[in-house]
There are 6 protein chains.
Amino acid sequence: MRPSQRRTDQLRSVEFLRGFTKHAEGSVLVAFGDTRVVCTVSVAEGVPSFLKGQGKGWVTAEYGMLPGATHTRSRREVTLGKPSGRSQEIQRLIGRCLRAVVDMEVLGERTLHVDCDVLQADGGTRTASITGAYIALEDAVSKLLERGILDQSPILQPVAAVSVGIWQGVPVLDLDYEEDSTCDTDMNVVMTADGYFVELQGTAEGVPFRRNEVDALLDLASKGCRELIGLQMQALETGLVAG
Amino acid sequence: MRPSQRRTDQLRSVEFLRGFTKHAEGSVLVAFGDTRVVCTVSVAEGVPSFLKGQGKGWVTAEYGMLPGATHTRSRREVTLGKPSGRSQEIQRLIGRCLRAVVDMEVLGERTLHVDCDVLQADGGTRTASITGAYIALEDAVSKLLERGILDQSPILQPVAAVSVGIWQGVPVLDLDYEEDSTCDTDMNVVMTADGYFVELQGTAEGVPFRRNEVDALLDLASKGCRELIGLQMQALETGLVAG
Amino acid sequence: MRPSQRRTDQLRSVEFLRGFTKHAEGSVLVAFGDTRVVCTVSVAEGVPSFLKGQGKGWVTAEYGMLPGATHTRSRREVTLGKPSGRSQEIQRLIGRCLRAVVDMEVLGERTLHVDCDVLQADGGTRTASITGAYIALEDAVSKLLERGILDQSPILQPVAAVSVGIWQGVPVLDLDYEEDSTCDTDMNVVMTADGYFVELQGTAEGVPFRRNEVDALLDLASKGCRELIGLQMQALETGLVAG
Amino acid sequence: MRPSQRRTDQLRSVEFLRGFTKHAEGSVLVAFGDTRVVCTVSVAEGVPSFLKGQGKGWVTAEYGMLPGATHTRSRREVTLGKPSGRSQEIQRLIGRCLRAVVDMEVLGERTLHVDCDVLQADGGTRTASITGAYIALEDAVSKLLERGILDQSPILQPVAAVSVGIWQGVPVLDLDYEEDSTCDTDMNVVMTADGYFVELQGTAEGVPFRRNEVDALLDLASKGCRELIGLQMQALETGLVAG
Amino acid sequence: MRPSQRRTDQLRSVEFLRGFTKHAEGSVLVAFGDTRVVCTVSVAEGVPSFLKGQGKGWVTAEYGMLPGATHTRSRREVTLGKPSGRSQEIQRLIGRCLRAVVDMEVLGERTLHVDCDVLQADGGTRTASITGAYIALEDAVSKLLERGILDQSPILQPVAAVSVGIWQGVPVLDLDYEEDSTCDTDMNVVMTADGYFVELQGTAEGVPFRRNEVDALLDLASKGCRELIGLQMQALETGLVAG
Amino acid sequence: MRPSQRRTDQLRSVEFLRGFTKHAEGSVLVAFGDTRVVCTVSVAEGVPSFLKGQGKGWVTAEYGMLPGATHTRSRREVTLGKPSGRSQEIQRLIGRCLRAVVDMEVLGERTLHVDCDVLQADGGTRTASITGAYIALEDAVSKLLERGILDQSPILQPVAAVSVGIWQGVPVLDLDYEEDSTCDTDMNVVMTADGYFVELQGTAEGVPFRRNEVDALLDLASKGCRELIGLQMQALETGLVAG
């Protein structure tokens with residue numbers, strides 16, 4: 001039995017609270033169990049200089065963690081003067097994954113700023129961020145359609161992310177902090193609704209892993225992403241939804 | 001009639017949601033109308049070097065704002081490499097105000113890290129931060145008493161803060177963003193439960209203000225702080241409380 | 001008797017040395033007792049981008065302290081990579097106070113850079129800075145009038161600042177370093193020649209303070225600012241003036 | 001035919017020049033085709049503070065690129081004040097991969113600093129870095145054994161890395177810059193001599209990729225890593241070796 | 001005739017005002033014509049870590065310029081986040097020159113912090129800084145002797161600095177700003193009282209210079225340094241001295 | 001006999017390897033004995049803003065050192081957040097020296113970025129950088145002439161640099177690290193092919209130096225620069241050349 005008492009292929013309880021704050025065009029509080037992330041999407045006219053004049057838009061992401069979000073208080077990154085390597089790596093990942101499902105020509109010369117800020121961390125903050133940010137992206141696009149700024153959605157299809165790992169030799173889905181700290185291999189998988197991969201990042205935390213373990217982890221992750229995308233669809237139809 | 005339709009001496013709806021997150025010893029979501037701030041208090045053994053070996057504790061505060069919290073997305077401070085002057089000014093204020101109601105010798109050589117992070121800004125983020133942080137401080141101290149780390153509370157008395165201003169010639173209490181943007185004078189007042197002042201910061205945004213206006217503003221602020229302290233007491237007795 | 005041997009309502013000896021340096025349009029060495037600050041005002045065509053094209057000017061201030069200015073050498077801020085919170089707070093205050101007495105439309109699209117650099121610190125560096133910077137502002141504007149760049153002064157009226165505090169229960173005017181270190185309440189007050197308030201910043205250093213103490217401090221500060229404005233007038237008429 | 005005229009499963013010409021510089025304990029110039037990286041390993045007594053007193057060692061990596069190494073000169077990172085997100089991501093990856101093949105208890109309380117600096121970039125700088133750094137690590141450990149500082153090698157087994165990608169629908173091995181810029185999926189794979197995975201990082205540059213493409217890429221990468229490890233073995237036996 | 005109307009071998013009017021500020025152990029306002037620099041020397045017990053436990057002292061220097069000191073206001077270095085290359089070069093020079101005339105073993109494990117801050121710049125700020133700092137060093141050492149902290153002066157001999165240059169083909173001494181901006185070669189020379197060189201830095205601003213020009217410049221600089229050391233001696237005997 | 005066993009007036013073995021890397025327009029690996037520096041020159045259209053619209057070009061230099069290049073690994077400057085004072089001083093020197101032999105009007109509104117990165121340090125890295133960068137500059141200009149971007153070379157004449165010093169009372173040429181660490185005076189001299197001086201930087205490391213020592217050092221340096229310029233000429237005619 002894994003530490004969280006879940007089945008090996010069972011997601012944590014997942015919730016999306018849309019409209020969490022009122023200023024950003026999209027704002028979602030996403031929960032993967034005790035992991036809570038605020039995902040906002042803010043729209044700005046214009047694009048970074050390397051894109052100017054091409055008629056294309058841009059999606060960029062930033063990731064942060066409140067100091068009190070972790071078991072032991074972490075230092076505020078601004079007092080250190082720069083984002084940590086970990087934060088930068090995560091925000092680059094979030095940006096790439098969302099760009100993979102946005103048609104930049106349909107978006108036109110505007111920028112979608114995605115901000116993912118962790119209120120409470122219990123493992124899987126990057127996968128919760130991507131999964132929640134997709135909902136915030138849909139909500140922001142809806143605002144642009146309502147306001148007549150766009151007449152067609154630039155979003156190609158849903159995207160979701162989940163972690164998988166090998167815990168005491170057993171492949172398990174959606175690791176919480178305790179499981180993540182004690183597992184041997186950790187893989188983050190990002191998939192689209194049509195079942196294709198956007199990102200695959202596997203790391204041997206302890207011992208290196210075998211090809212058949214890769215296969216088992218990818219199966220598990222595919223199942224998890226499929227379920228998450230189902231929950232995203234429900235959330236977009238009905239507002240606040242518990243998975 | 002002031003823009004917010006409130007009486008000139010009426011606070012916004014105030015709420016404290018205790019236990020908002022689970023890792024920090026104290027964690028409160030405070031709402032002053034649409035202004036929402038997460039206040040956490042994390043306890044660490046030890047004190048900054050300038051205090052070492054004196055048997056005294058320390059309380060320090062940091063303040064931040066999520067990029068999506070404001071009407072127009074604000075840049076993430078860490079990407080600018082340093083906290084803005086405004087953020088530093090506010091966090092210095094929060095720290096001073098809380099230190100004013102803590103007996104450092106009773107606290108002993110440990111540090112209370114107060115983090116105030118604005119999820120949604122609609123005026124008065126610094127006063128909401130101070131008022132909410134006091135509750136988080138009480139909750140953190142309760143944990144220390146329960147765990148036997150302290151045998152007496154170092155908190156001397158409640159402290160609360162409110163803004164007052166002169167809006168079109170009329171002194172009004174607890175300005176929201178729209179009122180704050182259009183008022184002539186803005187004053188932040190921090191008071192203790194025994195009715196004394198901890199801080200007083202008045203600024204002429206447009207035209208300088210007269211002595212009798214100072215008097216009217218201080219009266220209004222005293223009333224506001226008294227009410228806020230009443231709401232704090234209720235929150236501490238009953239958990240989540242709407243004012 | 002207060003430590004400085006002055007009467008409770010007595011200012012320190014105040015001096016303004018105009019034309020202290022030759023490149024900046026205005027340059028004043030101000031002394032409040034042993035506190036010495038160089039205040040320069042440099043004129044630049046153009047305004048920050050948020051103001052462009054509105055026909056309005058801008059006044060901005062920066063504050064610094066020479067490392068050797070304090071009792072114990074302080075670290076040079078540039079080697080720390082950023083201004084301290086204290087410096088930022090003070091320079092924001094100086095900027096606000098001077099903007100309160102300048103008509104930005106009369107100034108037109110140009111920027112007045114105010115630099116206040118403390119050569120020797122003995123308490124009250126921010127109040128000396130504001131009081132001296134006003135003289136430098138007048139001198140810089142005179143140059144612009146002489147050169148025909150302005151045909152009317154944008155300065156509305158004089159502004160001066162003084163600190164007051166409660167020392168061993170007694171309200172006293174214009175604290176020096178020794179008094180400031182041992183007083184319970186410290187208030188900085190900025191007033192215009194017509195007797196109105198521009199800023200009011202009171203802090204309970206030790207014990208919180210009562211309303212009647214606020215009243216006494218404001219009376220004292222009003223008297224002090226009135227006298228300082230008298231000395232400013234003399235300095236502008238006669239050059240170097242000792243108060 | 002792929003742009004580089006190589007077979008789809010053909011590595012670029014690979015060379016290791018050991019003893020490239022004289023001060024660091026290990027120093028290797030590695031070439032993957034036109035990609036050239038200097039990998040040095042410097043030994044220091046002591047470990048970072050989070051490891052002190054546990055009898056364990058540490059391996060840490062830094063990655064940089066000479067400004068003139070790229071097609072268009074890139075800005076020197078130090079003049080930007082911090083390593084780019086890309087550099088940090090790569091150096092974190094290099095460090096993790098090398099730690100995966102080092103027994104920290106055998107190493108003892110000392111730190112191996114790995115520096116990978118790109119002299120000339122033509123795709124695959126991170127995989128060349130890992131593959132070359134392993135040789136430099138062996139050479140540094142040999143010095144420590146010779147000097148009697150270690151009496152047993154802490155290196156568990158060889159590690160190598162290679163990129164694979166889908167270029168116009170075809171899985172290809174070891175992408176050069178031109179191929180990398182035009183391929184749809186890019187995957188970096190790090191493997192040990194026993195054929196296990198240490199890292200797996202796949203990214204959909206253009207269109208998301210399917211499960212059967214993952215399989216084909218992993219087959220190709222396994223073949224590539226196996227060959228690279230063969231070349232590493234030759235290099236360690238014979239000095240400078242062309243693959 | 002050179003622009004400043006001085007003879008080619010004539011120094012500007014030189015003044016030293018000792019005791020310019022009261023907190024630092026040594027404090028001198030030095031004037032080379034219109035160039036004005038505050039030089040303070042502050043004593044601290046202890047030395048940097050690389051010197052600990054060797055019984056030797058250290059002399060270190062920092063150099064800055066008030067924003068209003070130059071013809072056109074220069075940006076405050078702290079707002080740029082780091083000292084400019086020019087400032088660092090100058091402060092490294094000042095430190096080296098003073099260390100050349102101090103016996104670190106006689107000084108013992110304490111640090112002399114030299115701060116040179118330019119109030120008004122008109123060419124030759126680095127040479128004025130070195131020449132004035134020597135006086136401040138003597139004054140600081142006198143304090144240490146008076147207080148019984150030292151029983152012997154660690155200062156070996158006086159040191160002074162002057163600039164020389166080739167202005168329209170003619171070697172001239174002690175360039176002011178206007179001369180410096182238009183001369184072809186600029187050399188800064190630092191010499192001791194016994195006529196030896198401590199530093200020599202010559203730069204071809206426009207056209208390269210010949211060996212016989214080097215000879216003429218060194219002759220001129222020797223004369224200038226000799227005179228400056230004479231003025232230093234007078235200043236130390238008599239207080240404020242005009243050269 | 002000096003430590004390196006060379007005659008007092010003997011250069012180390014000097015080599016230039018042209019075309020060391022392929023992307024930059026000029027790329028030279030220069031060796032002064034065991035000191036190895038990569039010098040690249042990259043051409044960019046446009047000039048810094050202070051030069052825009054004047055029809056003139058610019059030459060700017062940056063200098064760095066690989067962490068593993070020194071006897072003991074040095075910290076990577078980017079992790080310290082800024083170039084050290086030493087690096088800035090050296091890169092300012094390199095830039096000045098190369099600008100002294102380039103006609104900016106012939107170059108036109110383009111910038112030559114010179115990057116000197118030390119792969120292995122054994123004394124004299126700045127003199128090797130200047131001497132090697134001149135070759136890279138020639139190679140970059142040849143490319144611009146071939147491409148028809150320039151129709152005339154803007155390079156006025158060769159420039160080379162060498163260090164000289166007084167080792168145990170004897171003037172010696174081209175100090176290696178061991179000699180540099182133990183010598184009393186260190187002078188870097190930069191000269192043109194016509195035998196004029198571009199820069200002269202002499203420092204008393206231990207005891208100050210006399211005028212006749214300056215003369216001896218300048219003689220030695222002139223001989224060294226003349227020989228280096230001879231070797232540069234050979235390298236430009238014949239490709240890789242050992243001196």
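Colleague: What makes the pair Glu62(A) and Arg73(B) a salt bridge?

Modeller: The model is a predicted one, and in it the closest N and O atoms of Glu62(A) and Arg73(B) are 3.2 Å apart. The cut-off for a salt bridge is 4 Å between a side-chain nitrogen of Lys or Arg and a carboxyl oxygen of Asp or Glu, so the name applies. Over all chains, the structure holds 132 salt bridges.

Colleague: Why is the pair Glu62(A) and Arg73(B) said to join two chains?

Modeller: Glu62(A) belongs to strand E4 (residues 58-65) of chain A, whereas Arg73(B) sits in the loop between strand E4 (58-65) and helix H1 (77-80) of chain B, so the pair links two chains.

Colleague: How do you know that chain D and chain F are in contact?

Modeller: Contact requires heavy atoms within 4.5 Å, and 34 residues of chain D are in contact with 34 residues of chain F. The area buried between chain D and chain F is about 2700 Å², and carbon and sulfur atoms give 54% of that area.

Colleague: Which charged pairing can you show me between chain D and chain F?

Modeller: Asp34(D) forms a salt bridge with Lys22(F), with the closest N and O atoms 2.6 Å apart. That value is within the 4 Å cut-off, so the pair qualifies. The rule finds 12 salt bridges across the interface of chain D and chain F. It also finds 16 residue pairs in polar contact across that interface, both residues being at pLDDT 80 or more.

Colleague: Which elements of chain D supply at least two residues each to the side that touches chain F?

Modeller: They are strand E3 (35-45), strand E4 (58-65), helix H1 (77-80) and strand E5 (110-120) of chain D. E5(D) gives the most, with 6 residues. The residues of this side of chain D divide into 12 nonpolar, 12 polar and 10 charged.

Colleague: Why is the relation between chain D and chain F called a two-fold axis?

Modeller: A rotation of 180° with 0.0 Å of shift along its axis superposes chain D on chain F, with an RMSD of 0.0 Å. That is the relation of a two-fold axis. The same surface serves both copies, as 100% of the contact residues of chain D recur in chain F.

Colleague: How do you know that chain C and chain D do not touch?

Modeller: No contact joins chain C and chain D, and their closest C-alpha atoms lie 11 Å apart. Chain B and chain F do not touch either, their nearest C-alpha atoms being 11 Å apart.

Colleague: What makes the "binding site" residues of chain A gather at one spot?

Modeller: In an unreviewed entry, UniProt lists Arg86(A), Gly124(A), Thr125(A) and Arg126(A) for "binding site". These residues span 41 residues in sequence, yet no two of their C-alpha atoms are more than 13.3 Å apart, so they gather at one spot. Gly124(A) is found in the loop between strand E5 (110-120) and helix H4 (125-146) of chain A.

Methods
Residues numbered from 1 in each chain as written. Chains lettered and ligands numbered in written order. Predicted model: local features only at pLDDT ≥ 70, side-chain atom pairs only at ≥ 80, totals over all residues. Heavy atoms only, no water. Buried area = accessible area lost by both parts, 1.4 Å probe. Polar contact = N/O pair within 3.5 Å; in protein donor to acceptor, adjacent residues only side chain to side chain. Helix = DSSP H or I, 4+ residues; strand = E, 2+ residues; numbered from the N terminus. Nonpolar A, V, L, I, M, F, W, Y, C, P; charged D, E, K, R; others polar. Least-squares fit on C-alpha atoms with pLDDT ≥ 70 in both. UniProt positions renumbered as here; feature names shortened; annotations may be inferred.
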